[in-house]
Amino acid sequence: MEKIVRKIALLGLGTVGKGVYDIIEAQKDEMPFKVGAEIVIAKVLVRNKAKYADQIEAEKLTDVWTDILQDDDIDIVVEVMGGIELAKTYIREAL
């Protein structure tokens, strides 16, 4: 059976974003059975990378939207950043 991997990007790492990140990481081994694929968090968009440097691997953090938008390996974009306009713009561009 072929192993399916889905790479995701999180837009935001506030209270909700960190919760989503923690759940995905904690249930990493269970995801193939729950959703039919391994889920890998490839990128996390934040305003200030230094603020989160002690919480998440540096290579996953970005403060540049186009790092996510231009990454063809990312299958899913999850918006958890709050607000309306910027989040709406990012999701429209991702679609």
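How much space lies in the second largest pocket? About 190 Å³, as calculated from this predicted model. The close-ups below start there and then move on to the rest of the fold.

**View 1. The second largest pocket and its lining.** Of the 11 residues that line this pocket, Lys-3, Ile-4, Pro-32, Ala-37 and Glu-38 are the closest to its centre. Sorted by class, the lining comprises five nonpolar, one polar and five charged residues.

**View 2. The largest pocket, with a volume of about 270 Å³.** Look for Gly-12, Leu-13 and Gly-14 in its lining, together with Leu-45, Val-46 and Arg-47. Tyr-52, Asp-63, Val-80, Met-81, Leu-86 and Tyr-90 also line this pocket. Here the residues divide into eight nonpolar, two polar and two charged.

**View 3. An open sheet of four strands.** The strands follow the order β3-β2-β1-β4 and pair in parallel. At the edges are β3 and β4 (74-79), each pairing on one side only. Strands β1 (residues 5-11) and β2 (residues 38-45) are joined by seven bridges, and Leu-11 has Leu-45 as its bridge partner in β2.

**View 4. Two helices packed on the sheet.** Helix α1 (residues 15-26) touches β1 and β2, and its direction makes about 150° with that of β2. Helix α5 (residues 85-94) touches β1, β2 and β4, with its direction at about 160° to that of β4.

**View 5. Lys-60, a buried lysine in a loop.** You will find Lys-60 between α3 (49-52) and β3 (61-62). Lys-60 counts as buried because its relative accessible area is 13%, under the 20% cut-off. Leaving aside neighbours within four places in sequence, its contacts are Tyr-21, Glu-25, Ile-41, Ala-42, Lys-43 and Val-44.

Key: Residues numbered from 1 in each chain as written. Predicted model: local features only at pLDDT ≥ 70, side-chain atom pairs only at ≥ 80, totals over all residues. Heavy atoms only, no water. Buried < 20%, exposed > 50% of the residue type's maximum accessible area, 1.4 Å probe, protein only. Contact = heavy atoms within 4.5 Å. Pairing = 2+ DSSP bridges. Axes fitted to C-alpha atoms, helices over the stretch in contact; angles between N-to-C directions. 1 Å grid on protein atoms, 1.4 Å probe; cavity = no way out; pocket = protein on both sides within 12 Å on 5 of 7 lines; lining within 4 Å. Points joined across faces, edges and corners; volume = space filled by probe spheres on them. Nonpolar A, V, L, I, M, F, W, Y, C, P; charged D, E, K, R; others polar.
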